[in-house]
Amino acid sequence: MISTYRLRDPSSPYKVLARHFALVLQLARRDVVGRYRGSFIGLLWSFFNPLLMLGVYTFVFGLIFKSRWNDQVSGHVEFAVILFAGLNINNMFAECANRAPTLIVENTNFVKKVVFPLETLSWSTLGSALFHLLVSTIVLLIFSLVVRGSVPWTMVYFPIVVAAFIPFVVGLIWLLSSLGVFLRDLKQAMGIITMMMMFLAPIFYPQSLIPEPYQKLLYLNPLTAIVNASRDVLVWGRAPNWGLLGAYAVAACLFAWGSFCWFERTRKGFADVL
């Protein structure tokens with residue numbers, strides 16, 4: 001039976017993480033290791049994948065298209081760094097959003113175990129994505145150090161930027177994983193939606209290229225604020241917009257709470273459907 005007090009408590013989503021932290025780590029580790037099991041170099045692929053992609057971006061956008069970000073940033077390698085900083089956030093989001101609709105369906109054995117805390121699957125999925133984000137960010141910083149000669153000290157703010165993003169992502173996983181049990185077409189739809197969100201966020205282009213009356217509309221995309229903040233601290237060497245980031249974090253926490261309540265209220269129907 002669902003505890004009403006548990007659903008009324010806005011801190012419940014994070015109490016779940018604290019209570020089952022060891023289990024979440026174990027599941028996340030199993031997910032990461034399982035992804036590369038059987039490959040020749042194993043876990044090293046988590047490092048080489050972003051490194052190879054960064055090399056591809058530099059070659060394609062720098063040498064072939066000779067792209068540049070704006071009039072102030074004309075270096076082709078610089079464009080690859082800026083692009084990669086935005087794509088890292090998008091890749092983390094897309095990994096979670098695309099996996100979420102089948103998260104419960106693929107773990108039917110856990111659904112049948114009454115004592116298993118299903119809500120921890122969302123945290124473990126996020127943990128796996130955070131591991132890949134960490135590796136990609138390290139690659140970005142090493143590349144920046146090599147080609148630019150330094151990395152901005154503001155990179156210390158990056159964990160705060162990610163922390164503001166986490167409640168939204170984990171809330172989205174709870175929402176989509178629950179809906180995915182009842183709506184099996186959701187998985188195909190999310191592939192299209194995440195691609196649309198990537199192109200509707202200032203990842204491949206600066207926000208200043210959008211006509212000024214429409215620039216604020218980009219913030220309807222939950223990726224925009226985090227992509228901009230990540231670039232501020234990892235590329236431009238400036239602090240993020242704290243007011244905007246704080247408002248984002250509050251809204252994300254409310255969304256996570258609502259999604260957690262939805263997940264808890266619908267989970268009793270999972271076994272019947274599966």
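Modeller: Happy to! The largest nonpolar core has 72 residues, and Leu 126 and Phe 165 touch the most other members. Such a core is a set of buried Ala, Val, Leu, Ile, Met, Phe, Trp, Tyr and Cys residues joined through side-chain atoms within 4.5 Å, where buried means under 20% relative accessible area with a 1.4 Å probe, counting protein chains only. Helix H8, residues 158–182, gives the most to this core, with 14 residues; helices here are DSSP runs of H or I with at least four residues, strands are runs of E with at least two, and both are numbered from the N terminus.

A word on the basis: this is a predicted model, in which local features need pLDDT of at least 70 and side-chain atom pairs count only at pLDDT 80 or more, while totals for chains, interfaces and linings use all residues. Residues are numbered from 1 along each chain as its sequence is written, and side-chain values use heavy atoms, with hydrogens and water left out.

Now look at Phe 165 itself. Setting aside neighbours within four places in sequence, Phe 165 is in contact (heavy atoms within 4.5 Å) with Ile 89, Met 92 and Phe 93, and also with Pro 222, Leu 223, Ile 226 and Tyr 248.

Helix H7, residues 120–148, is worth a visit too, starting with Ser 144. Ser 144 counts as buried because its relative accessibility is 1%. Beyond four places in sequence, Ser 144 meets Val 81, Gly 149, Ser 150 and Val 151. Thr 120 is found in helix H7 as well, and Thr 120 counts as buried because its relative accessibility is 0%. With residues up to four places away not counted, Thr 120 touches Val 16, His 20, Leu 23, Val 24 and Leu 27.

Stepping back to the whole chain, there are 13 helices and 0 strands. Buried residues make up 48% of the 274 residues. Of the contacts with a separation of 6 or more, 78% join residues 24 or more positions apart. The C-alpha trace spans about 60 × 50 × 35 Å along its principal axes.

Definitions and conventions. Buried means under 20% relative accessible area, exposed over 50%, partly exposed in between (1.4 Å probe, protein chains only).
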